[in-house]
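Have the model open as you read.

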Amino acid sequence: MKNSLFTFLKTHWSRILSVFFFVFLSGVYMYIFAVGPFTPGETLNPGCGPTENGCTVTVVPTYTNSTPTLTTIGGVSSGSTFAGKTLQEMFDDLLYPYTVPTITLSISPSAGLREFGNDVTSTELTATTTKQSDTLTSVVFKRDGVAIDTNTPPASPSGGTETYTEPTDVTTTTTFTATVNDGTTVVTSNSQTYTFVYAYYYGVGAQGLTGAQIAGLTKSVIGSTSSVSFDSAASNQVYYFAYPASYPALTSITEDNGFPVINDFTVRSESITNTYGQATTYRVYEFNNLTTQGSDFTHTFIQ
């Protein structure tokens with residue numbers, strides 16, 4: 001902020017100096033000549049008290065210009081005109097340009113991937129706001145773009161922390177945001193999203209495992225991905241790889257040496273129920289032949 005103010009003063013010093021010079025001349029003029037209801041040379045009432053009428057003369061000079069400005073200077077934007085602006089207002093506009101407020105949203109439990117069935121039963125929302133030019137007038141929490149809590153005015157009009165607890169369960173992919181309003185601009189926070197997915201399963205086992213048995217293999221909660229690699233060690237067993245059937249079919253399976261082996265796998269559909277009781281259809285890739293590998297063997301599965 002200091003650097004930007006210094007740059008502004010350095011760039012526009014001649015114009016600012018001109019304005020100060022104008023103020024100085026206005027002050028000299030007002031000191032020499034009586035203004036308002038008084039005439040030059042008039043003697044004020046010598047017997048009045050300090051706060052009575054006629055003891056002091058107060059003049060507030062104003063600036064009027066109907067010609068639009070050609071460039072933006074400080075907080076005065078290009079195309080501005082002026083009608084009865086006081087010098088205080090002029091300098092405030094020049095040196096203190098309007099700045100929008102800020103807002104940051106955090107939630108608990110943390111946003112990210114969650115397995116279907118692992119619902120969020122209560123979501124703690126925290127909005128951290130910063131007042132800039134104007135006092136904050138409202139803070140609104142939203143769920144998938146729909147307001148769920150409105151604070152007008154907010155608990156901290158000068159900036160601070162606003163909280164809300166969302167009691168409705170989150171069971172599917174859901175995004176939370178918040179907005180702050182200062183009467184001039186509405187600013188939207190960052191998004192916090194719970195993304196629900198069905199897990200991937202991989203590992204080794206006997207031939208012909210059922211869906212329930214495949215659900216007992218190693219589980220990985222990840223989103224849809226074009227390529228994934230898993231390590232498994234087999235002992236007279238076959239390799240398994242299963243993922244939701246809603247994702248595309250595999251185009252390639254390679255061993256850790258890069259050798260293609262997709263033709264050595266057979267794919268089938270299988271309904272698999274996860275540990276939260278949620279079932280969906282999976283593509284199950286099963287290696288065709290029993291094999292033994294003394295150490296972990298890497299397969300890369302490419303969609």
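Counting rings of Phe, Tyr and Trp (its six-membered ring) as a pair if their centres lie within 6.5 Å, you get 17 aromatic pairs. This is a predicted model, where local features need pLDDT of at least 70, side-chain atom pairs count only at pLDDT 80 or more, and totals for chains, interfaces and linings use all residues. Residues are numbered from 1 along each chain as its sequence is written, and side-chain values use heavy atoms, with hydrogens and water left out.

**Aromatic pairs**
- Phe241 and Tyr243 make a tilted pair, because their planes sit at 40° with the ring centres 5.5 Å apart (stacked is under 30 degrees, edge-to-face over 60, tilted the rest).
- Phe241 is buried at 1% relative accessible area, and Tyr243 is buried at 0% (buried means under 20%, exposed over 50%, partly exposed in between, with a 1.4 Å probe and protein chains only).
- Phe265 and Phe287 pair edge-to-face, at 5.1 Å between centres and 65° between planes.
- Phe265 is in strand 17 (residues 265-273) and Phe287 in strand 18 (residues 279-287), so this pair ties together parts 22 residues apart in sequence (strands are DSSP runs of E, at least two residues, numbered from the N terminus).
- Both Phe265 and Phe287 are buried.
- One aromatic cluster includes Phe241, Tyr243, Phe265 and Phe287, along with Tyr200 and Phe301.

Conventions
Helices (H or I, at least four residues) and strands (E, at least two) are DSSP runs, numbered from the N terminus.
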